[in-house]
Amino acid sequence: MAMIKVPAGKCFIKHGTAVNALYMVIHGTVRQVSKLEEVQIGSGNIIGLMDCAEEEYIADYVAADDVTLYPFHYHAPEDFGKIFISQPKYAAAFLSVAIREADICLDETRDFKTVQKNIIALHWQCIRNIRSYVENIAFRRKVSGE
């Protein structure tokens, strides 16, 4: 397949569109824009790899600057085999990107678990403070004879 050139600012994949190709970023930077976050995808990364499980693109993809992409046809998981057989040199690149993306997901999970742990600790501290406050009021009422 031929390289694709995308001018800066152009949205070339819309959220919700069926995954029909994966794109290796050869040159430039792509913005992956979703409701929750915006991620910069630079040279050497593959657009659409994380989208395959959903069978549709999970975000809009916009060229941050002039971008050159190398497309790979993709419609189903079996297409990975076709890509790797026809172009074995890309197997390592796909594996590398998959490992990097998995590592990022694990970091986000660790961050979430830390936040979750802190929220739970804060919750219990609030309960202890309220309990102490209520006990203090009850003690004062008892002492004052109310």
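Predicted model: local features only at pLDDT ≥ 70, side-chain atom pairs only at ≥ 80, totals over all residues.
Strands of a sheet pair through backbone hydrogen bonds, and they can do so in a parallel or an antiparallel way. Here we have an open sheet of four strands with antiparallel pairing, and the order across it is E1-E8-E3-E6. Which strands stand at the edges? They are E1, covering residues 4-6, and E6, covering 46-47; each has a single partner strand, so one side of each is left without a neighbour in the sheet. If we look at the pairing of E1 with E8, which spans residues 67-73, we find that the two run antiparallel and are joined by three bridges, and that Lys5 has Thr68 as its bridge partner in E8.

Now to the charged side chains. Side chains of opposite charge can pair when their charged atoms come close, and the structure holds three salt bridges. One of them is between Lys14 and Asp60, at 3.9 Å from N to O, and this pair links distant parts of the chain, since Lys14 sits in the loop between strands E2 and E3 while Asp60 belongs to strand E7, 46 residues apart. Lys14 is partly exposed at 48% relative accessibility, and Asp60 is also partly exposed, at 21%.

Another salt bridge joins Arg31 to Glu38, with the closest N and O atoms 2.7 Å apart. A further one, between Lys82 and Asp79, has an N to O distance of 3.4 Å; because these residues are three apart in helix H1, about one helical turn separates them. How do the two partners sit, buried or exposed? Lys82 counts as exposed, at 56% relative accessibility, whereas Asp79 is buried, with 10%.

Turning to the aromatic rings, the count comes to five aromatic pairs. Among them is the edge-to-face pair of Tyr57 and Tyr61, with 6.1 Å from centre to centre and 75° between the planes, and both of these residues are buried. Tyr70 and Phe72 also form an edge-to-face pair, at 5.1 Å and 70°; Tyr70 counts as buried at 10% relative accessibility, and Phe72 is buried at 3%.

Finally, the cysteines. A disulfide is a covalent bond between the sulfur atoms of two cysteines, and the count of disulfides here is zero. Cys11 is partly exposed, with a relative accessible area of 29%, while Cys52 counts as buried at 11%.

Conventions: Residues numbered from 1 in each chain as written. Heavy atoms only, no water. Phe/Tyr/Trp six-rings, centres within 6.5 Å; stacked < 30°, edge-to-face > 60°. Buried < 20%, exposed > 50% of the residue type's maximum accessible area, 1.4 Å probe, protein only. Pairing = 2+ DSSP bridges. Disulfide = S-S within 2.5 Å. Salt bridge = Lys/Arg side-chain N within 4 Å of Asp/Glu carboxyl O.
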